[in-house]
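The following paragraphs lead through one protein structure, from its overall make-up to single residues and their partners. Please keep the sequence and the 3D view at hand while reading.

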Amino acid sequence: MLDPFPPPPAWLRDRVEPWALYLNLPALSDHFHEVIFAFVGYQFIHSFLSPWLSPILFPRHYPQLNRRTKLNWDVHVVSLVQSVLINALAFWVMFADKERKSMDAGERIYGYTGMCGLLQALAEGYFVYDIIVSTMHIRMFGVGMLFHAISALWVFSFGFRPFVNFYSPTFILYELSSPFLNIHWFLDKLNLTGSKLQWYNGMLLLSVFFSCRLVWGTWQSVLVYRDMWFALTQTWSLSSLSSPAGAGSVALDGAINTAIFGHRAELAAQCVDEACRKANEEVFKYAGFTAGGVPTWLVGTYVAANVVLNSLNYYWFSKMVETVLKRFRGPKEGGAQKKGDGKREEKVEEVTDVVEKVVLEAAASLEEEEGSPFLADGEFGVAKDVDVGGDVRRRKR
């Protein structure tokens, strides 16, 4: 599917292209204006829209917040807008991009579509915003969040090589849990901690986190590893058949291009309209830059980053499970057990209350583990008593 936005102006492309080619990110010159647009949009929300609109929508709460918490509020507004927008666009790309749907293993590694490029550009714009905010307020948000933003910017830039451009909407869906996480934080600030609304939101947060990050994310990681292994073995196989001389390298490039994009070129030639032809030709638009195959270091870098991020997801979820187990451990030995129908009804009500508290505590635990932008008041490293459904606990901030 072609990018619905017009290409960048010639003056901008002329300035960006030399750097894009130097960094081996040729597709970046086609999307750099979208990166700028996304960054400016997120910064506008942070600096102007949220500070202007929040007091109007929440006049009893936002004006009473201290400066650090207002900053955190504005950051959460940007995160909420970005996560909803990027997830909606990712779903649209996955269902509407016909060329992406028809890609085989080789095209999933080397291929390109303009819509996946647009999705990457919007994500890159947010990561640039995230890096700037994390750097300016590093004492508040911590070094970890800065490194996370830098790593995300680095990994998503691979799609402009292009490398695994196909998987950009796939892994964007990791962020399906982010809207619920942000809503959980806002409900705390609106004095709705422990409310039914926060409990229902917490249930959705934990369910979606498990589904999109652990189930979906792990399965998609296996698929991308399989495709990258295919690309590596193909590169090694064709390299061994070519001579070390320059002519051999040219032969290798041509062999990989033919093997990967030969069928797509035939599909483009069979198209009956111009839109179909352009969309199919776009898949191998940057074939000249990927003709040498996929370097081993690139695959290693991607796998390492993916393993780290998946490990963090499992760690965060394990902390939530730990919270649940602490709540549902049986009574101590020798403890009195309740008997009788009336006692049982009382026990059922007690368990119901505990379930609600578990969901809220697990959601709060996820906030704390994911990083300091989700800390309650933005007070870095300060502990405070928080009332969750009538239960006072200690929560790191």
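**Overall make-up**

The secondary structure of the protein consists of 16 helices and two strands. The model is a predicted one. The protein has 397 residues, and 49% of them count as buried. Among contacts between residues at least 6 apart in sequence, 77% join residues at least 24 apart. The accessible surface comes to about 19800 Å², and 66% of this surface belongs to carbon and sulfur atoms.

Helix H2 covers residues 28–57 and includes Phe44. Phe44 has a relative accessibility of 44%, so this residue counts as partly exposed. Phe44 also belongs to a nonpolar surface patch of about 720 Å².

Two packed helices are described by the angle between their axes and the distance between the axes. For H2 and helix H3, which spans residues 67–96, the angle is about 115° and the axes are 9 Å apart. The crossing of H2 and H3 is right-handed. On the H2 side, the residues that meet H3 are Tyr42, Ile45, His46, Ser50, Pro51 and Ser54. Their counterparts in H3 include Leu71, Trp73, Asp74 and Val75, and also among them are Val77, Val78, Val81, Gln82 and Leu85.

**Salt bridges**

The structure holds eight salt bridges. One of these salt bridges is formed by Asp30 and Lys285, whose closest N and O atoms are 2.9 Å apart. The pair links distant parts of the chain, 255 residues apart: Asp30 is in helix H2, and Lys285 is in the loop between H13 and helix H14 (287–290). Are these two partners buried or exposed, or in between? Asp30 is buried because its relative accessible area is 10%, under the 20% limit for buried residues. Lys285 has a relative accessibility of 45% and therefore counts as partly exposed. Asp30 and Lys285 also take part in a network of salt bridges together with Arg13.

Another salt bridge joins Glu175 and Arg213, with the closest N and O atoms 3.9 Å apart. Glu175 lies in the loop between H9 and H10, while Arg213 lies in helix H11 (residues 196–241), so the pair ties together parts that are 38 residues apart in sequence. Glu175 is partly exposed, with a relative accessible area of 28%, whereas Arg213 is buried, with a value of 6%.

In the salt bridge between Asp227 and Arg226, the closest N and O atoms are 3.6 Å apart. Asp227 counts as buried because its relative accessibility is 1%. Arg226, at 46% relative accessibility, counts as partly exposed.

**Two buried residues**

Arg213 has a further partner in Ser177, with which it is in contact. Ser177 is placed in the loop between helix H9 (168–172) and helix H10 (178–189). At 2% relative accessibility, Ser177 counts as buried. Leaving aside neighbours within four places in sequence, Ser177 is also in contact with Leu205, Val208, Phe209 and Cys212.

Ala279 is found in helix H13, which runs over residues 274–283. Ala279 is buried, with a relative accessible area of 7%. Which residues does Ala279 touch, not counting residues up to four places away in sequence? The residues in question are Leu2 and Glu99. Ala279 and Lys98 are 181 residues apart in sequence, and their C-alpha atoms are 9.1 Å apart in space.

Definitions and conventions: Residues numbered from 1 in each chain as written. Predicted model: local features only at pLDDT ≥ 70, side-chain atom pairs only at ≥ 80, totals over all residues. Heavy atoms only, no water. Helix = DSSP H or I, 4+ residues; strand = E, 2+ residues; numbered from the N terminus. Buried < 20%, exposed > 50% of the residue type's maximum accessible area, 1.4 Å probe, protein only. Contact = heavy atoms within 4.5 Å. Areas by Shrake-Rupley, 256 points an atom, 1.4 Å probe, with all protein chains shown as cover. Patch = residues over 30% accessible without salt bridge, like charges linked within 9 Å, V, L, I, M, F, W, Y side chains within 5 Å. Salt bridge = Lys/Arg side-chain N within 4 Å of Asp/Glu carboxyl O. Axes fitted to C-alpha atoms, helices over the stretch in contact; angles between N-to-C directions. Left-handed = near helix turned anticlockwise from the far one by under 90°.
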